[in-house]
Amino acid sequence: MSNKSINTVHSTAVPLNVENVDTDQIIPARFLKATSRDGFGENLFRDWRYNTDGSPKKDFVLNNPAWAGRILVAAKNFGCGSSREHAAWAIKDAGFDVVISSFFADIFKNNALNNFLLPVTVSEDFLKDIFTAIEKDPSTVITVDLPQQTITLEPTGRKEKFDINNYKKTCLLNGYDDIDYLLSIRNEIESFESNFCPSDNEPVVRSGSH
Amino acid sequence: MAKTLFEKIWDSHVVKTIEGGPSVLYIDKHFIHEVTSPQAFKGLEKRGMEVFRPRQIVATADHNVPTIDQHLPIKDELSRLQVQQLIANCARYGVELYGLGHPYQGIVHVIGPELGITQPGMTIVCGDSHTSTHGAFGAIAFGIGTSEVEMVMATQCLLQSKPKLMRINVEGQLGKGVVSKDIILYIIGMTTASGATGYFVEYAGSAIRNLSMEARMTICNMSIEMGARGGMIAPDQTTFAYIKGREFAPKGAEWDKKVAQWSELYSDPDARFDIEINIDAADIEPMVTYGTNPGMGIGITGHIPALTEISEKEKPGFLKSLAYMGLQAGAPIKGRKVDYVFIGSCTNSRIEDLRMVASFVKGRHKSKDTEVWIVPGSKQVEKQAIEEGLDKVFEEAGFHLRQPGCSACLGMNEDKIPAGKYCISTSNRNFEGRQGPNARTLLASPLTAALAAITGEVADVREYL
Ligand code: SF4
């Protein structure tokens, strides 16, 4: 997960045309026993990608050498379910920098952004175009331009603007994370605490009886 | 200006708002567990930092613990290491841990409320999507990722954009045999698995008011299953009565002061919601899911949608889901044989759930073809169940009362449903492989699950009451 900061991604893409992909599919719970952030890419989409005996499933897109690239294209409501950030780590670890969909689940979107994995939301109609293009021709190139906030399907030139809040954009472009920012305002946090009704904020005291 | 319940709590916790960006939200309580915290602690260590407010964090081990022989060392090596890591991290950073063997150990969303840590008006987070459970007390509670866990450890704050607000009003009387799990499965069926994405939900209306705290928690718990950031219910006398006297609840004069503050936490009559949904409680039947997301639920007397009822666009997902489940479009759900019954998880493993199951199965015996696991939500629930003699009732019915943890809700420990088998489960997710590779999950209420244990199939509890 060394890739901190994102600017323009110009790449072929992998199509995963399934709706409501939940994070249990992205990375099943039994692979969450690790205590580091690394190596989750191996088990990305584990049960769709491998048979129970460990052999790859031929018809799953990640096992098809025709499709490759730094962009994953997914159908609506990608990343729903569990909050496990391991899902974002697994996608990033497998070499993706961008996920395109028409709709992302909230927590996944935050997790992705916190890991310099850019979630790009496009219209349903554009998504359909993208799937058609890359499913037909795996060499199709897509350009995601973060500074301009545009995504372009190169062969047809169709282009769309995408949303991202300014703060997050700055973070991604410069490789800052939220913790850097929050640490920089620690004085303000402490002064908030001292003005905050203190009874709202009691510590969990040790009861000492056990 | 008129404010919603959400806005009252949110506004009082905003440290500052970044121009054109998110707000810095102050977090009162932070729960952590063994699966989503190790990388956050590692992050702190890398930065050479201490936990900013360790006394606002409570830790437990729940996701990855065995539910039998908890006094023995954990057999699975990776699981054991993960739990040991939590112990070491909590000791190193001064965080209170209710680990295995502790009388307070249990599923994080069960222990917070039962210890009185969860209180109205708070902001509460945890690296777990079902943190929404705590919203039942009139708190802003939501799940976060591990980077955010690290943020809260480092600064007690999070960067958050204010969500849109939805209110769901459930009015009227629930029918017999219909419980809170049915209400929420009905709501998710209506809104779909993504219908509330971007929203924070407030549940209101007379049917919600009449629910116990346990039942309210079941509802708020599953808010995330329709994509919502969280769900909440305004605190009232039921809430205060539940909290009073609990371990970490305010005491004496402090209690009175708190209750006065908490009593201000409701949505003002003219407060504005982005969406309001109205539901008549009488329309809700006992519910069961047939598919692979919690939005795919139907009334017990209903049938799985026929192909003609599904739009072209949804067909591939629908067919994939039915193929996984081994079910037919258009078929009834009633009468479907089940192999396993799982009663547990942060949705339905509280004492009230166990009592409900026990009172239903008393004097009955499980079907010879079903395997029944009852997994209490916490050590305290387990203890109380034994004190009340519920364990005897379960034993006589042929059920196994196990030890507390997440268990077959996510199949991270050895409690997995075998491939191809049907499990009627009181948990919250029926995703592919959630309860074990190729396991098939039917979500239902504790009552419907208990009945299935007896009959060996999906049946209508109303015919047995
Ligand atoms: S019981 Fe299930 S849903 Fe609840 S916290 Fe544990 S794994 Fe998550």
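I count Ala, Val, Leu, Ile, Met, Phe, Trp, Tyr, Cys and Pro as nonpolar, Asp, Glu, Lys and Arg as charged, and the others, Gly among them, as polar.

**Ground rules.** The model is predicted, with local features needing pLDDT of at least 70 and side-chain atom pairs counting only at pLDDT 80 or more, while totals for chains, interfaces and linings use all residues. Residues are numbered from 1 along each chain as its sequence is written, chains are lettered from A and ligands numbered from 1 in the order in which they are written, and side-chain values use heavy atoms, with hydrogens and water left out.

**Entry 1: cavities.** Rolling a probe the size of a water molecule over the atoms shows where empty space is left. I worked on a 1 Å grid over the protein atoms alone. A cavity is a set of points where a 1.4 Å probe fits but cannot get out. A pocket is an open set with protein on both sides within 12 Å along at least five of seven lines. Lining residues have an atom within 4 Å of a point. Grid points are joined across faces, edges and corners, and a volume is the space filled by probe spheres set on the points.

I looked up the cavities of 30 Å³ or more and found nine. The largest cavity holds about 220 Å³. I listed its lining of 21 residues, and the closest to the centre are His63(B), Asp128(B), His130(B), Leu410(B) and Arg434(B). By class the lining has seven nonpolar, ten polar and four charged residues.

The second largest cavity has about 80 Å³. Residues from both chains line it, among them Cys80(A), Asp106(A), Ile224(B) and Arg229(B). I sorted this lining into five nonpolar, three polar and two charged residues.

**Entry 2: the ligand.** Where does the ligand sit? I found that it takes the space of the largest cavity. (Sitting there means that more than half of its atoms lie within 2 Å of the grid points.) I then listed the surrounding residues, which have a heavy atom within 4 Å of the ligand. They are His63(B), Ile107(B), His109(B), Asp128(B), His130(B), Ser345(B), Cys346(B), Cys406(B), Cys409(B), Leu410(B), Asn428(B) and Arg434(B). This shell has five nonpolar, five polar and two charged residues.

Entry 3: The largest pocket has about 1,200 Å³ of space. Its lining has 44 residues, with Glu19(A), Asn20(A), Glu314(B), Gly317(B) and Phe318(B) closest to the centre. I checked which elements give two or more residues: α5 (124-136) of chain A, and α6 (180-191), β14 (297-299) and α11 (315-325) of chain B. Helices (H or I, at least four residues) and strands (E, at least two) are DSSP runs, numbered from the N terminus. The most comes from α5(A), with seven residues. The lining divides into 18 nonpolar, 15 polar and eleven charged residues.

The second largest pocket is about 880 Å³ in volume. Of its 32 lining residues, Asp106(A), Lys109(A), Asn110(A), Asn165(A) and Ser161(B) are closest to the centre. Elements giving two or more residues are α4 (106-113), β5 (118-121) and α6 (166-174) of chain A, with α5 (146-155) and β8 (157-160) of chain B. I counted 14 nonpolar, nine polar and nine charged residues in this lining.

**Entry 4: spots in chain B.** Buried means under 20% relative accessible area, exposed over 50%, partly exposed in between (1.4 Å probe, protein chains only). Contact means heavy atoms within 4.5 Å.

Thr448(B) is in helix α15 (residues 446-455). Is Thr448(B) buried or exposed? Thr448(B) is buried because its relative accessibility is 0%. Leaving out residues up to four places away in sequence, Thr448(B) touches Pro286(B), Val288(B), Ile424(B), Ala459(B) and Val461(B).

Leu327(B) lies in the loop between α11 and β15 (340-343). At 10% relative accessibility, Leu327(B) also counts as buried. With the residues up to four places away left out, its contacts include Tyr290(B), Ile304(B) and Tyr422(B). I took one distance: the C-alpha atoms of Leu327(B) and Ser12(B) are 49 Å apart, at 315 residues along the chain.

Helix α1 (residues 5-13) of chain B has seven of nine residues buried, so the rest of the structure largely encloses it. The buried ones are Leu5(B), Phe6(B), Glu7(B), Lys8(B), Ile9(B), Trp10(B) and His13(B).

**Entry 5: chain A.** Chain A has eight helices and eight strands. Its C-alpha trace spans about 65 × 45 × 30 Å along the principal axes. Of its 210 residues, 55% are buried.
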